[in-house]
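Reader: I am new to this structure. Please show me how to read its features, one at a time.

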Amino acid sequence: MAGKGTPATALLAKQKVAHQLHAYDHDPKHESYGLEAAEALGLEPDRVFKTLVADVDGKLTVGVVPVTGQLDLKALAAAVGGKRAKMAEAAAAQRATGYVLGGISPLGQRSRLPVVIDSSAEKFETIYCSAGRRGLEVELAPADLVRLTSATVAPIRA
């Protein structure tokens with residue numbers, strides 16, 4: 001993986017967090033980045049989490065939910081003490097995180113955004129999320145993801 005690192009993998013290495021990278025060939029025709037990852041890696045979809053960027057009362061906020069679910073925008077807003085949430089514009093999400101859509105990781109983002117992880121993550125020993133590019137997932141303990149992102153854990157899956 002030399003030369004293939006991302007800000008997410010660099011953060012994991014710097015913090016000496018136990019993790020495992022899982023690469024797969026990304027198919028640009030697939031309808032869902034997250035479900036594609038689960039299928040390609042032979043994983044239970046509920047253990048694979050997608051990173052979504054929303055606008056909560058004018059402030060970008062990250063929601064991390066299982067790929068089998070949707071982000072409950074009202075629950076996300078409530079989890080960060082906000083009133084209203086809507087999905088962020090793609091360009092704003094990419095600019096703030098430094099990642100492309102389908103490769104947005106909750107780790108190592110360009111701007112430190114508030115992160116809320118769906119509480120279902122806590123029922124697994126390890127979960128998977130984007131490692132910062134399409135076709136690369138990182139497996140790590142939910143508690144490590146929470147710690148590294150200073151995340152709030154709340155039921156935000158619709």
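Reader: Which residue forms a salt bridge with R157?

Author: Side chains of opposite charge can pair when their charged atoms come close. A salt bridge here is a side-chain nitrogen of Lys or Arg within 4 Å of a carboxyl oxygen of Asp or Glu. R157 pairs in this way with D46, and their closest N and O atoms are 3.4 Å apart. The two residues lie in distant parts of the chain, 111 residues apart: R157 in the segment after β8, D46 in the loop between α2 (33–41) and β2. Helices (H or I, at least four residues) and strands (E, at least two) are DSSP runs, numbered from the N terminus.

Reader: What are the numbers and atoms based on?

Author: This is a predicted model, residues are numbered from 1 along each chain as its sequence is written, and side-chain values use heavy atoms, with hydrogens and water left out. Local features need pLDDT of at least 70, and side-chain atom pairs count only at pLDDT 80 or more, while totals for chains, interfaces and linings use all residues.

Reader: How many salt bridges does a search of the whole structure find?

Author: Three. One of them joins E139 to R47, with the closest N and O atoms 3.7 Å apart. It links distant parts of the chain: E139 is in strand β7 (residues 136–140), R47 in the loop between α2 and β2, 92 residues away. E139 is buried, at 14% relative accessibility.

Reader: Where do R147 and D144 sit?

Author: Both are in helix α5 (residues 142–149). They are three residues apart, so about one helical turn separates them. R147 is partly exposed at 47%, whereas D144 is buried at 19%.

Reader: In what order do the strands of the open sheet run?

Author: Two strands pair if DSSP finds at least two bridges between them. Here five strands form the open sheet, in the order β4-β2-β3-β5-β8, with mixed pairing. β4 (85–87) and β8 (152–154) each have a single partner strand, so one side of each has no neighbour in the sheet.

Reader: How do β2 and β3 pair?

Author: β2 (residues 49–56) and β3 (residues 59–66) are antiparallel, over eight bridges. V53 has V62 in β3 as its bridge partner.

Technical notes:
Buried means under 20% relative accessible area, exposed over 50%, partly exposed in between (1.4 Å probe, protein chains only).
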